[in-house]
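Student: I have a new structure to look at and would like to go through it slowly. Could we start with some of the ring residues and then move on to the helices?

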Amino acid sequence: MLVILLLSAACASVEMPQSTSSADAISRIENGLLPAIVAKGENASMKLADRMAFHKVPGVSIAVINGGKLEWAKGYGVLEAESTGAVTPDTLFQAASISKPVAAMAALALVEQGKLNLDEDVNLRLKSWHVPDNEFTRTEKVTVRRLLSHSAGLTVHGFPGYSANAPLPTLVEILDGNKRTANTDAIRADIVPGKQFRYSGGGYTVLQQLMIDVTGRTFPDLLEELVLRKIGMSHSTFAQPLATGLESAAAYGHGDGKAVKGRWHTYPEMAAAGLWTTPSDLALFAIDLMESAKGKTGKVLTPEMARQMLSKQ
């Protein structure tokens, strides 16, 4: 499990506990978790270890941002239930839908480069596949802005991934919901684009194909160049399947406390769910975005674009 904690107080920047103050801060998190609701006068603090046991989570990795810096990071538990391999700050976890904001940053970088336009019909630049026109797209079109904000009217909420050794569909087969190869329905517009918010992993899969088509690059290589390397996310990758050399550093997927058969699922829907990362790397991502939005030129986006990324539209 990935955890990023945002704290507001200014403190010295350290990665691991090296002082009494940082040790105290870590102890407060390890022993002072709170439920969603606390009654006045009630001592409701909980221990991290107890919460892990209650939810049958064998391994957790935490990073804390404090005063705009990565203050500390620490791993808890094991990579696989009933094993001895310890989780560390460098353990890779599947980020699931946290993949989306990282992919969004890359898409906005392409907008700033002039390779994408936030408000034009994506079919004008898609080459390998096109959003099928229908009665819903007659007057309003699917655009990058709408894909990013889940308002493009597209179907498919999320993706279950593909088990180990299962044949993987192509991205176009996923977009078309090919019944022989893909395990999700076709991605289509069934609401007028721009009319309402509806979460759509399918929309980010259209975005993935668009980014590939306008650059001629593989998605993992493109994200490495546009975002990961620039921010210093050296323990992150969009490669699917995960490279063999990284498998020993990765946490297993679990359900009800039991390891997933084959260790984890593979997600060719990389923009929606394909990121492998650590909390420390995600903290660097969050810090860069926040600093840019405050007016400092970020490593990836200009302040104006960072503020657009954090806006509702």
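**Rings and helices**

Tutor: Tyr252 is partly exposed, because its relative accessible area is 22%, where buried means under 20%, exposed over 50% and partly exposed in between, with a 1.4 Å probe and protein chains only. This is a predicted model, in which local features need pLDDT of at least 70 and side-chain atom pairs count only at pLDDT 80 or more, while totals for chains, interfaces and linings use all residues. Residues are numbered from 1 along each chain as its sequence is written, and side-chain values use heavy atoms, with hydrogens and water left out.

Student: And Trp264, is that one buried or exposed?

Tutor: Trp264 counts as buried, because its relative accessibility is 8%.

Student: How many aromatic pairs does the structure hold?

Tutor: The structure holds 3 aromatic pairs, and rings of Phe, Tyr and Trp (its six-membered ring) pair if their centres lie within 6.5 Å, with planes under 30 degrees apart counted as stacked, over 60 as edge-to-face and the rest as tilted. One of them joins Phe219 and Phe238, which are edge-to-face at 5.6 Å centre to centre with 90° between the planes. Phe219 lies in helix α7 and Phe238 in the loop between α7 and β5 (254-255), so the pair ties together parts that are 19 residues apart in sequence. Helices (H or I, at least four residues) and strands (E, at least two) are DSSP runs, numbered from the N terminus.

Student: Okay, on to α7 then: where does it bend?

Tutor: Helix α7 bends by about 45° at Glu225, the bend being the angle between axes fitted to the seven residues ending there and the seven starting there. Just after α7, Gly232 takes a positive phi of about 90°.

Student: Which helices do its buried residues pack against?

Tutor: The buried residues of α7 pack against α3 (99-112), α6 (201-215), α8 (270-273) and α9, where contact means heavy atoms within 4.5 Å.

Student: How many residues of α9 are buried?

Tutor: In α9, 13 of the 15 residues are buried, so this helix is largely enclosed by the rest of the structure. Helix α9 covers residues 279-293 and reaches 21 Å from its first C-alpha to its last, close to the 21 Å expected at 1.5 Å a residue, a span taken as 1.5 Å times one less than the number of residues.

Student: What about α3, how many of its residues are buried?

Tutor: Helix α3 is mostly covered, with 12 of its 14 residues buried, among them Ser99, Lys100 and Met105.
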